[in-house]
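Subject: Structure for you to look at

Hello,

Please find the structure below, with its sequence. My notes on it follow.

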Amino acid sequence: MRARELLVRAGITVAVAALLAIALSLSDYPFEFSPSWRYRELYAKGLLMTLGATALAFATGLVLGVGVALLRISRRLPVRHLGDLYVEVIRGTPFLVQITIAYFGIAPLLKLNDKFLVGTFALGVFAAAYMGEIFRAGIESIDRGQVEAARSLGLSRAQALRHIVFPQAFKRMIPPLTGELIALTKESSLLYTIGLVEMTAVARQVGADTYKFLEASLIVAAMYLTLTVPLSLLARQLERRLKRSERTGVHL
Amino acid sequence: MTLPPAPPLISLRGVTRRFGSVIALEDVDLDVARGEVVVCIGPSGSGKSTLLRCVNALERPDAGEVLLDGERVDPSRRDIDALRAEVGMVFQHFNLFPHLTALGNVALAPRLVRGEGDAKARALLGRVGLLDKADVYPDMLSGGQKQRVAIARALAMEPIAMLFDEPTSALDPEMVGEVLAVMRGLARDGMTMLVASHEMGFAREVAHRVAFMDGGRIVEEGSPGDLFDRPQKDRTKAFLSKVLRA
């Protein structure tokens, strides 16, 4: 069953790729991938930059996201509203606009001129709004009876959160967090607008140098996919395992 | 000259609790003496659970007060966590922590709150007959086993009183007995117990006093013999005739 599914999926994927390749080769466009090969070291640098920026932004988002979630589940309205405000503002504006404001407005104010730091921190702030929602949903998905049982034993609210709610909620957050990591990998491409040389910037530069924009874009598209598809498969695997354990597990 | 009666361990005075326009508890007075077993019976929604939850500060009364060994139970008290630990609570749906083993469930609070080791937790699992399940996770336990672990967990903080909120209502019939047996043992050992239950046989056998609740009020209370065999109020008679006919 499992092996058959794999075979079908692989078969369809190869067939679609082949059809695309044939369609492209039938066009008049004179494909030339060799110029790009000369820029292989630049592609490698771009890859490292994309990986580094995504990883740092993800870590920043995790930390800030926990903070945002804690604000949003607070019992105090002013605190809760601060969290709501953060999420609304960050999710309600495009990242492209945010990064521009961060780079030209906020960074000079703070006398920051490290593009990498400004860019990845802005991406982390952006990610935190989405991750905060993932955390909040995860925390709120835990049955109220769990906290009541913990409190009735004399645990404080903080102890109940840390020892009872978080460990259970975290398990449920892993699949959506993986999705967020995939989104960030792609979102990091917008860092090229402040002059960070990540994969998309490399494609544009190579295109400009060689007039082979299409080839350069196809190459980075393939590079993005080699990063995101394994993550996606991993997320699916985790989700499947989670479903299995939650089916046998009684919902308490 | 007679000694003044000992003050009740649990005392509810004019306790009222509303949920929006629904009155869950209305002006309820109830005393539970040290070592006494009081069973609350009554239809669903009569306020039994809310009454128990007020004793443990899981609900805050809108009016009236709850005293535990003379101390006012109030969720806004600074030492509410310590006060809650004095009362063990057993829930209808067990509320075991699914990410911890049976032993982990029982040992968690003593370890976190009091820095104790696992020895007592093991002894308690032995007491409810589940020492061999110490390293098993809740999802591998039957309903009856789960509830016995939950009872051991509630006992781990050495409470002065135990609250049971319909502890057998979510169990398959063949598992009710094992849980009631553990509760019977506790009562025999002198534990002060306030129980919300539909188990009339248990109430008759173990309770010192039975309270019949309806519409958020205690309609009638008395010894099991009086309440079951010589109920005074029509409402009590009507309820008993329905549940005892089976």
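**The hairpin of strands 1 and 2, chain B**

In chain B, strand 1 and strand 2 make a hairpin with 2 residues between them, and Gly20(B) in the turn has a positive phi of about 65°. Strands here are DSSP runs of type E with at least two residues, helices are DSSP runs of H or I with at least four residues, and both are numbered from the N terminus. Two strands are said to pair if DSSP finds at least two bridges between them.

Before going on, two remarks on the source. This is a predicted model, in which local features need pLDDT of at least 70 and side-chain atom pairs count only at pLDDT 80 or more, while totals for chains, interfaces and linings use all residues. Residues are numbered from 1 along each chain as its sequence is written, chains are lettered from A and ligands numbered from 1 in the order in which they are written, and side-chain values use heavy atoms, with hydrogens and water left out.

**The sheet around strand 1, chain B**

Strand 1 of chain B (residues 10-19) runs antiparallel to strand 2 of chain B (residues 22-32), and 7 bridges join them. Within strand 2 of chain B, Asp31(B) stands opposite Ser11(B). Strand 1 of chain B also pairs with strand 4 of chain B (residues 63-68), in the antiparallel sense and over 5 bridges. There, Thr16(B) stands opposite Ala63(B) of strand 4 of chain B. Strand 1 of chain B is mostly covered, with 7 of its 10 residues buried. Buried means under 20% relative accessible area, exposed means over 50%, and partly exposed is in between (1.4 Å probe, protein chains only).

These pairings belong to an open sheet of 4 strands in chain B, with the order 2-1-4-5 and antiparallel pairing. Its edge strands are strand 2 and strand 5 (71-72) of chain B, each of which pairs on one side only. Strand 5 of chain B is joined to strand 4 of chain B by 2 bridges in the antiparallel sense, and Arg72(B) in strand 5 of chain B is the bridge partner of Leu67(B).

**Strand 9 and its partners, chain B**

How many residues of strand 9 of chain B are buried? In strand 9 of chain B (residues 209-214), 5 of the 6 residues are buried, and the strand is mostly covered. Strand 9 of chain B runs parallel to strand 3 of chain B (residues 37-41), with 4 bridges joining the two; Phe212(B) in strand 9 of chain B is the bridge partner of Ile41(B). With strand 10 of chain B (residues 217-222), strand 9 of chain B runs antiparallel, joined by 5 bridges. One bridge partner in strand 10 of chain B is Glu221(B), for Ala211(B). Strand 9 and strand 10 of chain B form a hairpin with 2 residues between the strands, where Gly215(B) takes a positive phi near 60°.

**Helix 4, chain B**

Ala121(B), Leu124(B) and Leu125(B) are buried in helix 4 of chain B (residues 119-127). They lie on the same side of helix 4 of chain B because they cover an arc of only 100° around the axis; the arc is that of the directions from the helix axis to the C-beta atoms. On the other side of helix 4 of chain B, Ala119(B) and Ala123(B) are exposed. The buried residues of helix 4 of chain B pack against helix 3 (102-114) and helix 5 (143-155) of chain B, where contact means heavy atoms within 4.5 Å. Just after helix 4 of chain B comes Gly129(B), with a positive phi of about 75°.

Asn95(B) has a positive phi near 50° and is a residue other than glycine. Asn95(B) lies in the loop between strand 6 (87-90) and helix 3 of chain B, and is buried, with a relative accessible area of 6%. Lys111(A), also a residue other than glycine, has a positive phi near 55°. Lys111(A) lies in the loop between helix 5 and helix 6 (115-140) of chain A, and is exposed, at a relative accessible area of 72%.

**One residue in helix 10, chain A**

Thr228(A) is in helix 10 of chain A (residues 213-248). At 11% relative accessibility, Thr228(A) counts as buried. Leaving out residues up to four places away in sequence, Thr228(A) touches Ile182(A) and Thr185(A).

Regards
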